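Subject: Structure handover

Hello,

Here is the structure you are taking over. My notes on what was found in it follow below.

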Amino acid sequence: MIIVPSVAVLLAIMAYAITIYSENLERPSQKFGPLGSEHVHAAFAVKIDGVKLNFSQEKYQVRSKYIHVENNDGNTLHRHATGVPVGEFFSSIGMNVTDSCFTLENGTNYCSNGNSNLEFYINGNKTDSIANYVIKDDDRILIVYGNKNKMETEQDLDALRLTEIKK
């Protein structure tokens with residue numbers, strides 16, 4: 001009577017351990033390091049026509065084990081493996097970012113067109129591309145789209161500098 005329940009419990013524990021172990025071996029097709037090979041945090045914000053996207057919503061939380069937002073915080077990116085670029089985060093939540101377009105999960109595109117432009121900032125410095133950027137600890141990443149003036153951009157960068165990075 002004791003042996004059968006004991007064997008069942010042992011098999012359940014073994015099945016759980018194998019599941020956890022195999023999840024940690026899964027890797028996307030890209031050349032990322034193994035899960036746990038790094039643990040880095042960065043603040044980020046995406047503003048479309050002056051409206052900040054809310055990544056604290058449940059639908060955006062932990063969609064990739066490699067790079068994600070978590071604990072209902074939509075301001076801190078967590079990267080858990082070497083070589084995982086920012087674009088992988090957006091891809092994991094059904095969005096896309098290229099050098100000239102930002103695409104929401106509903107398929108709406110925001111592309112630079114001369115009147116409204118897509119801009120990227122890393123630690124306050126404007127850059128031409130963000131999709132392949134691999135965040136470093138305490139980075140500040142800003143993606144903005146719209147017809148903005150320099151003062152609005154500076155305000156967005158100042159707000160991002162004050163954003164708490166939750167580790």
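A residue is called buried here when its relative accessible area is under 20%. By that cut-off, buried residues make up 41% of the 167 residues in the protein. Please keep in mind that this is a predicted model.

Overall make-up

The protein has three helices and ten strands. Along the sequence they come in the order α-β-β-β-β-α-β-β-β-β-β-β-α. Taking contacts between residues at least 6 apart in sequence, 56% of them join residues at least 24 apart. The accessible surface is about 9,600 Å², and carbon and sulfur atoms account for 54% of that.

Strand β1

I looked at one strand in some detail. Strand β1 covers residues 40-48, and nine of its nine residues are buried. V40, A42, F44, V46 and I48 point one way from the strand, while H41, A43, A45 and K47 point the other way. Both sets are buried.

- V40 has R79 as its bridge partner in β4.
- K47 has K52 as its bridge partner in β2.

β1 and β2 form a hairpin with two residues between the strands. In this hairpin, D49 takes a positive phi near 50°.

The disulfide

How many disulfides does a search of the whole structure find? The search finds one. It joins C101 to C111, with an S to S distance of 1.9 Å. The two cysteines are ten residues apart: C101 lies in strand β6 (residues 101-103) and C111 in strand β7 (residues 109-111). The disulfide is right-handed, because the torsion about the S-S bond of C101 and C111 is about 115°.

Are the two cysteines buried or exposed? C101 has a relative accessible area of 18%, which is under the 20% cut-off, so C101 counts as buried. C111 has a relative accessible area of 25%, and therefore falls in the partly exposed class, between 20% and 50%.

Regards

Definitions and conventions
Residues numbered from 1 in each chain as written. Predicted model: local features only at pLDDT ≥ 70, side-chain atom pairs only at ≥ 80, totals over all residues. Heavy atoms only, no water. Buried < 20%, exposed > 50% of the residue type's maximum accessible area, 1.4 Å probe, protein only. Helix = DSSP H or I, 4+ residues; strand = E, 2+ residues; numbered from the N terminus. Pairing = 2+ DSSP bridges. Disulfide = S-S within 2.5 Å. Contact = heavy atoms within 4.5 Å. Areas by Shrake-Rupley, 256 points an atom, 1.4 Å probe, with all protein chains shown as cover.
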